[in-house]
Every structure is written in structure tokens, then in C-alpha cells.
Amino acid sequence: MLTDNFGRRFYYLRLSITDVCNFKCTYCLPDGYQCDQPRDFLSLPEIKRLASAFAELGTEKIRITGGEPALRKDLPDIIAACKQTKGIKKVAITSNGFKLPTHLPQWLDAGIDAINISIDSLDPRQFHAITGHDKLDTILKGIDMGLADGRANIKVNTVLMREYSGKSIQSYLAWLKDTPITLRFIELMQTGENDAFFNAQHVQGSRIKQNLILDGWLPVIQDKAAGPAQEFYHPDYQGRIGLIMPYSKDFCDSCNRLRVSSSGKLHLCLFGDSGLSLREQLQSDDVAPLQAQILSLLGDKKATHFLHEKLTGATKNLAMLGG
Ligand code: SAM
């Protein structure tokens, strides 16, 4: 079992399969993806070995992320490989959904259980201003298709930004009234490259939480492999709201996830150092050395991140590692 020195158990692996992204989100890659080193992403056989090694150590859920994971042509094969791994109960993806109506049937047929789509505004002009793309209608169409299909649990991720909060939250609430989806507000996180943006735009999720509770929203009890969101439901709304508040007290106490980058490095924390390579051990079908390496590296996991001290580690932007 993957357990660290603080007694935390790791049921959840976030696996990045590429760091390339086609969006230019203002808080993440405002100048677009910059190709500054040769790409050598994990291959399908390497991903299969990684999934088996983690599953035998107690991992139950794999989230495929990026960059933009849908830019990889073999994504359906990767989903199927993770899904067919003994011990993996849930395969999820985080995507910007740029071609969701086209991709959705392939992902569902491959066995995806949960899909998180990032939508930072329900206003098409604001959406374009944030992402550099005019794709909101396409993405919403894909979400409606997914809800009608019902095989995968669909959630939406929205980064909280001062400039857009307030009016935006009202439009999300109106949407959630009749849409059976979970919308998760993510507090903007500081990274190596977004200092000025962070200082201008960071809004605390705790304010929103207080207002939700005053308005009658009630907490949902979470599963042990669940993500970091505190979730709320309301009898008058079909949708739910989640809050991801990495700056809140004790956020790291319930950490249940590890990360592997698209180049095969184990990251013990999103805001840790530059990652520890598993690539050599990923070349063999014998996963025992790989597991020994993961277990030994886990001993270095720290109790918390150091974001409060403005220490963002080696993370220049979250596309590098998948958020
Ligand atoms: N391309 C995919 C997507 O857009 O969902 C997956 C990768 S993206 C890095 C994963 C998530 O991280 C997205 O929901 C994105 O909005 C969020 N994210 C990126 N940078 C962030 C930051 N500085 N603070 C908070 N969330 C961030």
C-alpha cells in the first residue's frame, strides 16, 4: 500500500500524457505552448506498466490529464489500457473539451468513468478572452451529449478570478438550477510564471463557501478516492457545487494523490521539485523494481505544499503536470 510518513494513503494517480496544450488560458499558458525541449512522452506500453504497478500498490483511480490529453491520437487506447488494469476501479480525464462532441463517443466506448471539462466562463466572449478560443458552444454541446448518454460522470472545472467572479457565479448558479452536473470552483494557484496575474486575480473560495452555506447548500460526504473538492448540494438545484481551496487550512492533510508527468517523473506534490524519474524502471514488464522505486521516493513527500510562503516549486505552469 502506498502510505507516506504522515499516514496518508494514495488511492489516486494523476497521469499526464502530454504537456502540449492548444489553449492559451490567461492564468496558465498566456503565450501558448512553447516547445522548449524534445518531446518524449510515455508510450502505451509504459503507461500499462505504470498503471499495473500503481494498482498493485492500492491505487484505485487514474485521472488522465495534460497539457491537453485529447491532443494524443492514442488517447482512447490509453483510457482502455487504464480501465483494463486489474484493481483500477475508475478512469477519469480532465480536458478542455475542444472537440468534445467528436471525442466523447470514443472515450465512452473505451470505458471512461468520469470526465472533467474546464470552462472558465459561460459567456462566449469572456470564454474567448480567457482561453484564446471560440469553443464554448461546442464544449457545451459535448456536455449535453455526455449528460444524455449517462455512462460517465461529468463535472466542470472553473478557475476563480477576481475579474470574472460575482456576475459569473450568478450565471453558473442559473445553469445549475436545471443542469445535473457538478461545477467545481478552483482557487487560482500561484505558479512560477503567473505571479502578477495571481496577485491581481486570486479570490478566496472560502467566501463563496460561506455564501453557499447561508443560501442553504449542504455538504456531500466524499469517497476515499475522491478529488480535493468540498462538494455541496441544494434541494432546489439539479447541479452540485464543489470548491477546491488549496490555500485553506489543512488542505494537504487529506492528500490522497500522486502525479506522474508525461515524461515519466513521479511528482510527490503539484508544487514540489522537478520530479523523480521512473523511466528506467518503466522499460521492463517486471513491475517490482518500479514499485520499489515509487515506495522509496514516497518517503520524501512533505506534509504540505508551501504555497502560503509563495514557494511554487519547479511548477512554471500547471500544463507541465496536469493540475
Ligand atoms: N487541458 C486540460 C484542461 O484544460 O482541463 C487539462 C490540464 S489543465 C492544467 C487542468 C486544470 O488545471 C484545468 O481545470 C485548469 O483550469 C486548471 N489550472 C491551470 N492552471 C491553474 C492555476 N494556476 N490555478 C488553478 N487552476 C489552474
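**A note on the ligand site and a pocket**

1. Let's start with the ligand: one of its oxygen atoms sits 2.8 Å from an N or O atom in the side chain of Y27. That is a polar contact, meaning a pair of N or O atoms within 3.5 Å. Keep in mind that this is a predicted model, where local features need pLDDT of at least 70, side-chain atom pairs count only at pLDDT 80 or more, and totals for chains, interfaces and linings use all residues. Residues are numbered from 1 along each chain as its sequence is written, and side-chain values use heavy atoms, with hydrogens and water left out.

2. A polar backbone atom of M189 is 2.9 Å from a nitrogen atom of the ligand, and a backbone N or O atom of S95 lies 3.5 Å from a ligand oxygen atom.

3. How much of the ligand's accessible area does the protein cover? On its own the ligand has 550 Å², and the protein covers 94% of that (Shrake-Rupley method, 1.4 Å probe).

4. Now look at the neighbours. There are 20 residues around the ligand, and Y27, G67, E68, S118 and M189 come nearest; a residue counts as near if one of its heavy atoms lies within 4 Å. By class, this shell has eight nonpolar, 10 polar and two charged residues. Asp, Glu, Lys and Arg count as charged; Ala, Val, Leu, Ile, Met, Phe, Trp, Tyr, Cys and Pro count as nonpolar; the others, Gly among them, are polar.

5. For comparison, the lining of the second largest pocket has 10 nonpolar, 10 polar and eight charged residues.

Methods: A polar contact is a pair of N or O atoms within 3.5 Å; within protein, one must be able to donate a hydrogen and the other to accept it, and residues adjacent in sequence count only if both atoms are side-chain atoms.
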